[in-house]
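Please look over the protein shown below before reading on.

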Amino acid sequence: MLVITNTSEEPFYFILSGIPGFEAIHIWISIPFCCLYMISILGNTTILAVIQIEPSLHQPMYLFLSMLALTDLGLTLTTLPTVMQLLWFNVREISFEACFAQFFFLHGFSFMESSVLLAMAYDRFVAICRPLHYASILTESVIGRIGIAIIIRCVLAVLPSLFLLKRLPFCHSHLLSHSYCLHQDMIRLVCADTRVNSWYGFGLVLLIIVLDPLLILVSYGLILHSILGTASQAERFKALNNCLSHILAVLILYVPMVGLSMAHRFARHAPPLVHVIMANVYLLSPPVMNPIIYSVKTKQIRQGILRLLYRGTMH
């Protein structure tokens, strides 16, 4: 068997795949993909612009929302180049270094999304259960430290898996099953023992896919206990309505994430189209849907967007 490693003098490329069975109509498939990418970019940049411009939105909840928008923007821009150049120009080759760079940012921003949603759950907990101490607990410096901790956490989570994979030799068949570089996809091409990688990946699953949503559930359990014990029915409705956008964002991230992880581990022989669709739903749903959800459900964001549009028409 011919084995290629990153130490070879010959340039090494991975080969990306498009939508299996629909290669002949990639140019038409590019239209909805292009629309989704545009919605994500415009939606998240609008959220960031509104929070930046409106002084009334310089509050913890909206600062966390700006972190979420930045993360979604990063996730979108990470996959956009390889997906669109494949669909438009059938450019399928990606260099060894570029693939690992995309691997790092793709998984890094994905884990960052989970971490930001966990921080937002803590924000909702403090706002509802400790309203009198909200401003003193979540100061700008504390939020800044939380942001730095999220970045460090995600870098430290992704780097070991990157180095563990990069040291291994790859088989001659270096055809990936997606139009971007996913760890679950790349590790299939390794011609060596991957038990260390698998155990580390299992640890990450416990840390991100299990621990984060579990802590979010605990925070909402405490919120429910607090509002059911003391609040009136109107106050309960208002509190739950304030949390609805965040609950939807959590579901949009974790349902496809768990589905994709389960498919790669337990449904390896499923048709390739199933894996491709699930991966695209996982990577595109949060960046596309989050700005729509927060624009529709959050009155202050909606009003800020209208004021931003009004200023634009005045100029």
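What follows is a short report, arranged by topic.

## About the model

This is a predicted model, in which local features need pLDDT of at least 70 and side-chain atom pairs count only at pLDDT 80 or more, while totals for chains, interfaces and linings use all residues. Residues are numbered from 1 along each chain as its sequence is written, and side-chain values use heavy atoms, with hydrogens and water left out.

## A nonpolar patch on the surface

Phe 22, Ile 25, Ile 27, Trp 28, Ile 31, Trp 88, Phe 89 and Val 91 form a nonpolar patch on the surface, and together they have about 840 Å² of accessible area. A patch is made of residues with over 30% relative accessible area and no salt bridge, where like charges are joined within 9 Å and nonpolar side chains (Val, Leu, Ile, Met, Phe, Trp, Tyr) within 5 Å; the areas come from the Shrake-Rupley method with a 1.4 Å probe, and for residues only the protein chains shown count as cover.

Helices (H or I, at least four residues) and strands (E, at least two) are DSSP runs, numbered from the N terminus. Ile 25 sits in the loop between strand 2 (13-15) and helix 1, and Ile 25 counts as partly exposed because its relative accessibility is 39%; buried means under 20% relative accessible area, exposed over 50%, and partly exposed in between (1.4 Å probe, protein chains only).

## Two pockets

Rolling a probe the size of a water molecule over the atoms shows where empty space is left. On a 1 Å grid over the protein atoms alone, a pocket is an open set of points with protein on both sides within 12 Å along at least five of seven lines, a cavity is a set of points where a 1.4 Å probe fits but cannot get out, and lining residues have an atom within 4 Å of a point. Grid points are joined across faces, edges and corners, and a volume is the space filled by probe spheres set on the points.

The largest pocket holds about 800 Å³ of space, and among its 31 lining residues His 183, Gln 184, Ile 187, His 264 and Arg 265 lie nearest its centre. Helix 7 gives the largest share of this lining, 7 residues, and the lining of the largest pocket divides into 15 nonpolar, 13 polar and 3 charged residues. In these counts Ala, Val, Leu, Ile, Met, Phe, Trp, Tyr, Cys and Pro are nonpolar, Asp, Glu, Lys and Arg are charged, and the others, Gly among them, are polar. The second largest pocket has a volume of about 540 Å³; it is lined by 22 residues, with Arg 124, Ala 127, Ile 128, Lys 238 and Asn 242 nearest its centre, and helix 8 gives the most to that lining, with 6 residues.

## Enclosed cavities

A search of the whole structure finds 3 cavities of 30 Å³ or more. The largest cavity contains about 90 Å³ of space, and its lining includes Tyr 62, Asp 123, Arg 124 and Asn 242. Helix 2 gives the most to this lining, with 4 residues. Tyr 62 belongs to helix 2 and counts as buried because its relative accessibility is 5%.

About 70 Å³ of space lies in the second largest cavity, whose lining has 6 nonpolar, 5 polar and no charged residues.

## Salt bridges

Side chains of opposite charge can pair when their charged atoms come close. The structure holds 6 salt bridges, each being a side-chain nitrogen of Lys or Arg within 4 Å of a carboxyl oxygen of Asp or Glu. One of them joins Glu 54 and Arg 311, whose closest N and O atoms are 3.7 Å apart. This pair links distant parts of the chain, with Glu 54 in the loop between helix 1 and helix 2 and Arg 311 in helix 10, 257 residues apart. Glu 54 is buried at 8% relative accessible area, whereas Arg 311 is partly exposed at 37%.

Arg 124 also forms a salt bridge, with Asp 123, at 3.0 Å between the closest N and O atoms, and both of these residues are buried. Asp 212 and Arg 153 meet in a further salt bridge (2.8 Å, N to O). Asp 212 lies in helix 7 and Arg 153 in helix 5, so this pair ties together parts that are 59 residues apart in sequence.
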